[in-house]
Amino acid sequence: MASSIDFFQAQADAHRTTLRLIALFAGAVLALVLLTVLIVAAAIAWGSPPVGVLSWQKLFAALSPSLLLGVAGGVLAVVVIASLFRLLSLSRGGRVIAESLGGRPIPPNSDDPQERRLLNVVEEMSIASGVPVPPVYVIDEDGINAFAAGYGPDDAVLGVTRGTVELLDRSELQGVVAHEFSHILNGDMRLNIKLMSVLFGILVIGILGRSLIGGRRASSARSSRGSGTAQIAVVGLALMIVGYVGTFFGNLIKAAVSRQREFLADASAVQFTRDPNGIAGALRKIGGLGDGSRVHGGQAEEMSHMFFAQAVTSLFGRLLATHPPLDSRIRAVDPTWDGNYTLVSRDARVPEHGGSPASEPLSALHITDAAAGPAAATALGLAAAVNHAGRVTPGDVDRARALIDGLPRVFHDAVHEPHGARAAIYALLVADAPALRERQLELIDARADTGVPALVRDLLDHRPMLAPGSRLPLVQLAMPALKTLSHEQYARFHENLIALIKSDRSIALFEWVLHRVLLKELRPHFGQVERRRDGRASLREEREALSELLSALARTGHGDEATARAAFAAGAAQLEAGDLAWRGEQDPDFTRLNAALRRLRGLHPLAQPRLLKACARTVLFDEVLVDEERDLLHGIAAALDCPLPPLN
């Protein structure tokens, strides 16, 4: 359990796993094509004179080039079109999967104590890991189970069954949530969607065969002759068998891949929380519950590999099980387990303690870290955050909880409902200069939805209480509430956002970062989910983009050009990517910076940690981390999909 699970290595492994799966499924489809060709040829040979006699000579005669091309092309077309159709049906990302399973979204401002406790755990894990706070869904099932779904962190959702909410205590909930966050961080969700799409394509062959049989029966019912339909029925039966056999072997591949990644996610959960009893306790309760982890409704069988524990039972038992046996998983995280499960019943609900931010005791660790001051945050916090980007430590969770606890209550409550979330974002952008502030408030009065302007003024009275490092985490907390807006409300919100940013005819660094983060995380929800390709570029291939990025960082945090150039050189040396050219403009050119970040999104996953370390080396050259540098680092990390924990 002590081994480090590297985010960037996990991304590279996910890419390799995808390539292996493509090869496996390509082999399976090729076998299906050949088998289907043989079946059709046999049906033709059986029906040719002398009818009812099948021989090798007749079979080889039936295997004409046109038959090979026609049947092979037809089978491939069916598999590809069906797979693409299934992929298209999932194009809205995680929420369409949650809805297909019968999930109900939990309101971000839910006043149900058990739902509130779950949301608090999810928020802490999100802030600690540096990924967007995902919407949370509840499925009305008695078993204990959970899932994470989506193409990536920006469109991810987290789902849990009602049994999970009601029967697990906070530590066990934290273990389950940490397990699901490891799937988000390790790129498993996108792999799961690809598995579903390819398996659906193979399954359609069987469905097509069943349709042919049904069509033959209907034809026979309409006509007493029925001549020629027997061959169609034979082909239909054969296709049905081939399709379902192919689906069986496809599910075998799916189960093997899923079982391997579940052990990794369990290990990650222990690493994230430093509490093996959390996830082990949840698994023990599954073993002692009559309903176990079963999910009966929706499309649970097709999506069984996405769940925390075995969601459906199979006639083939462990052969097609998508998850390792409970006892193996428990002993992997708790070798001292005595073999006894925790007996629970539907009446054994955990106490309805919501775990609100102010009600949880804070550990000395995160109080000490939070109070250590800018120098400690510079030397320790930033270096540590960059070194374990995409991984979560218990200290990160503690700091995240401390950060959430430290928010002014009026801001904390506001970001959990749609009107307040918009008001909070507007309040972060309103200027301190009286004349500009008044002009911006007039703009909000004229354009914002009813009730929002009054909330903005109330929040502005409390804005001085916000710690500098809490502004972007506050934006993260607002994401689930903002995702409940209608498309019309979102369009108006985004227009107002742009108007506020442009109201002084210049773009401040924080405004650019805020807009990038919001656009990146909300656009997949209200528009098209980005199905990002795995990057393959090397650092040397992107020297121009690297020069632009490091120059912007060096200029942001260092007062004179000589120091900025030295900081740039220090960062460039960390990259070892060849000669980089210093850009000497006084302010970041956001057009060029955006273009550079688009290019750098194409880096190979294993090149990204070196880039982050080069950014940190540039920033830390003078051993001082100013607010603008912190904001720019978070904006860069978000643009590159490199999650960073809070830099406090």
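Biologist: How many residues does helix 26 have, and what does it reach from its first C-alpha to its last?

Modeller: First, the ground rules. This is a predicted model, where local features need pLDDT of at least 70, side-chain atom pairs count only at pLDDT 80 or more, and totals for chains, interfaces and linings use all residues. Residues are numbered from 1 along each chain as its sequence is written, and side-chain values use heavy atoms, with hydrogens and water left out. Helices (H or I, at least four residues) and strands (E, at least two) are DSSP runs, numbered from the N terminus. The expected span of a helix is 1.5 Å times one less than its number of residues. Helix 26 (residues 627-639) has 13 residues. It reaches 18 Å, close to the 18 Å expected.

Biologist: How many residues of helix 7 are buried?

Modeller: Helix 7 (residues 170-185) has 15 of its 16 residues buried. At its start, a side-chain oxygen of Asp169 comes to within 3.2 Å of the backbone nitrogen of Ser171. Gly187 follows the helix, and its phi is positive, near 75°.

Biologist: Which way do the residues of strand 4 point?

Modeller: In a regular strand, side chains alternate between the two faces of the sheet. In strand 4 (residues 157-161), Val157, Gly159 and Thr161 point one way, Leu158 and Val160 the other. All are buried.

Biologist: Which strands do bridges join to strand 4?

Modeller: Two strands pair if DSSP finds at least two bridges between them. Strand 2 (residues 136-139) runs parallel to strand 4, joined by 4 bridges. There, Ile139 has Thr161 as its bridge partner. Strand 3 (residues 146-149) runs antiparallel to strand 4, also with 4 bridges. Ala149 is partnered by Val157.

Biologist: Which residues touch the most other members of the largest nonpolar core?

Modeller: A nonpolar core is a set of buried Ala, Val, Leu, Ile, Met, Phe, Trp, Tyr and Cys residues joined through side-chain atoms within 4.5 Å. The largest one here has 133 residues, and Val456, Phe493 and Leu518 touch the most other members. Helix 21 (residues 509-526) gives the largest share, 10 residues. A second, separate core has 24 residues, including Leu32 and Leu239.

Key:
Buried < 20%, exposed > 50% of the residue type's maximum accessible area, 1.4 Å probe, protein only. Polar contact = N/O pair within 3.5 Å; in protein donor to acceptor, adjacent residues only side chain to side chain.
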